[in-house]
Amino acid sequence: MPNYTATALVIHRINLAENDRILTLYTPEHGKFSVVAKGARRPTSKFSGASDLFMLFRALLATGKSLDILSQCEILQSYSSLRYDLQRLARATYFCELLDRFTMERDPVNSESLFQLTTIALTLLQEPHANPDIITHAFELRLLAEQGYSPISDACVRCGEVVERRQVGFSPSLGGVLCASDRYRVEDAVSLSAEALEVLQALPEIDGEELMGLQPSTKAMHELDRALRWYIKLRAERDIKSAEFLDQLRANR
C-alpha cells in the first residue's frame, strides 16, 4: 500500500461505523479529498483531536481501495482560540464549508493559493481586535475570484456604464452592481451605499494590515452581508448550512 505525505486542513468530517471518521482534507499538493481516520472517535485515539474541523497537520497517508487512510499526523496548528468564541467559530466553519462547496475532488488547480487563502483567513480571524465580518467578506470575494466567480463591481452589469461611488444596486442573479438608474429595473436588486460599494471594490485587493484597519459602518456591512449572501447561494447552487447559522448570529448581534 503506497504511502504519501501532505499538509492538510480538515474542512469536513462525518462519523463512520462505531469508532472511525471520514475526514475531508484540503491540501496545497492535491486539492480536496477524503480519508478514513480509523479509531478517531475513541477518546484515546491519536487522531481524536486531529479530526476536528480546521485542524492543520502534516499527514502520512496510505492509498486505499476506495478512500485513502490517515496513518500518522503531526498537528501544525489547531486555531484553538477560534473554538472558544462563537462568532469566530461560526465564521471559521463557514470558511471550510465554502472551500468544500466551491472545489472539486482531487483538483490541484489553484489548490496552493486556496489553501493559503483559507489558512491566512483563519489566522487573521484569531486576532482579538479583528472585525470578523471584514475577514469573512474578504475571504468570500477572494475565494470567488480564485474560482472565476468574481462579482462585477466597477461597471453596471446591465448597461456597462462605469459606476460612480454613490447609491447603487447589486443584482445577485446578474452578477454585480447596477448603476443608479438600472437598480430600479432589476427585480432582485439590493441597495448598496457609496460606502458599501467602496468596501466591495477594496476587499479583494488590499493587504492584511490595511484589511485589519478597515472600519466600515454597521449599515455598510449589513448591505454587504445581504448582497454577498444571495450572490454566493446562487453560485453554489444550494444552501450553505453554516451561512444560515451565521445569519442568525448577525441578527441577534
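Asn131 caps the N-terminal end of helix 3 in this predicted model, where one of its side-chain oxygens lies 3.0 Å from the backbone nitrogen of Asp133; a polar contact here is a pair of N or O atoms within 3.5 Å, in which, within protein, one atom must be able to donate a hydrogen and the other to accept it, and residues adjacent in sequence count only if both atoms are side-chain atoms. The model is a prediction in which local features need pLDDT of at least 70 and side-chain atom pairs count only at pLDDT 80 or more, while totals for chains, interfaces and linings use all residues. Residues are numbered from 1 along each chain as its sequence is written, and side-chain values use heavy atoms, with hydrogens and water left out.

Helix 3 itself covers residues 132-146, and the helices (H or I, at least four residues) and strands (E, at least two) named here are DSSP runs numbered from the N terminus. Its 15 residues reach 21 Å from the first C-alpha to the last, close to the 21 Å expected at 1.5 Å a residue, the expected span being 1.5 Å times one less than the number of residues. Helix 3 is mostly covered, since 12 of its 15 residues are buried, where buried means under 20% relative accessible area, exposed over 50%, and partly exposed in between (1.4 Å probe, protein chains only). Among these buried residues are Asp133, His137, Phe139 and Glu140. The buried residues of helix 3 pack against helix 1, helix 2, helix 4, helix 5, helix 6 and helix 7, with contact taken as heavy atoms within 4.5 Å. Helix 3 is followed by Gly148, whose phi is positive, near 80 degrees.

Helix 6 (residues 218-236) is one of those partners. Its end C-alpha atoms are 26 Å apart, which agrees with the 27 Å that its 19 residues should span at 1.5 Å a residue. The buried residues of helix 6 include Glu223, Asp225, Arg229 and Tyr231, and its buried residues pack against helix 1, helix 3, strand 6, strand 8, helix 4 and helix 7. Glu237 follows helix 6 and has a positive phi, near 65 degrees.

We turn now to the strands. A closed barrel of 5 strands runs in the order 1-2-3-5-4, with mixed pairing, and two strands are said to pair if DSSP finds at least two bridges between them. Neighbouring strands of this sheet are turned by 50 degrees against each other on average, direction ignored. Strands of a sheet pair through backbone hydrogen bonds, either parallel or antiparallel.

Strand 1 pairs with strand 2 in the antiparallel sense over 7 bridges, and His12 stands opposite Thr24 in strand 2. The hairpin formed by strand 1 and strand 2 has 3 residues between the strands, and in this hairpin Ala17 takes a positive phi near 55 degrees. Strand 1 also pairs with strand 4 in the antiparallel sense over 7 bridges, with Arg58 in strand 4 as the bridge partner of Thr7. Strand 4 (residues 56-62) is in turn joined by 7 bridges to strand 5 (residues 68-77), the two running antiparallel, and the bridge partner of Ala59 in strand 5 is Cys73. Helix 1 (residues 86-101) lies across strand 1, strand 2 and strand 3, running at about 110 degrees to strand 1, where axes are lines fitted to C-alpha atoms, for helices over the stretch in contact, and angles run from 0 to 180 degrees between N-to-C directions.

Lys32 is found in strand 3 and is buried, with a relative accessible area of 7%. The side chain of Lys32 reaches the backbone oxygen of Asp100 at 2.8 Å and the backbone oxygen of Thr103 at 2.8 Å. Not counting residues up to four places away in sequence, Lys32 touches residues including Ile11, Thr24, Tyr26 and Glu105. Thr119, placed in helix 2 (residues 111-125), is buried as well, with a relative accessible area of 11%. The side chain of Thr119 reaches the backbone oxygen of Gln116 at 3.2 Å, and Thr119 touches Leu56 and Tyr79, again not counting residues up to four places away in sequence.

As for confidence, pLDDT is the predictor's confidence in each residue, from 0 to 100. The mean pLDDT of the chain is 94, and 100% of its residues reach 70 or more. Confidence is lowest in helix 5 (residues 208-213), at a mean of 88, and highest in strand 7 (residues 176-178), at 98.
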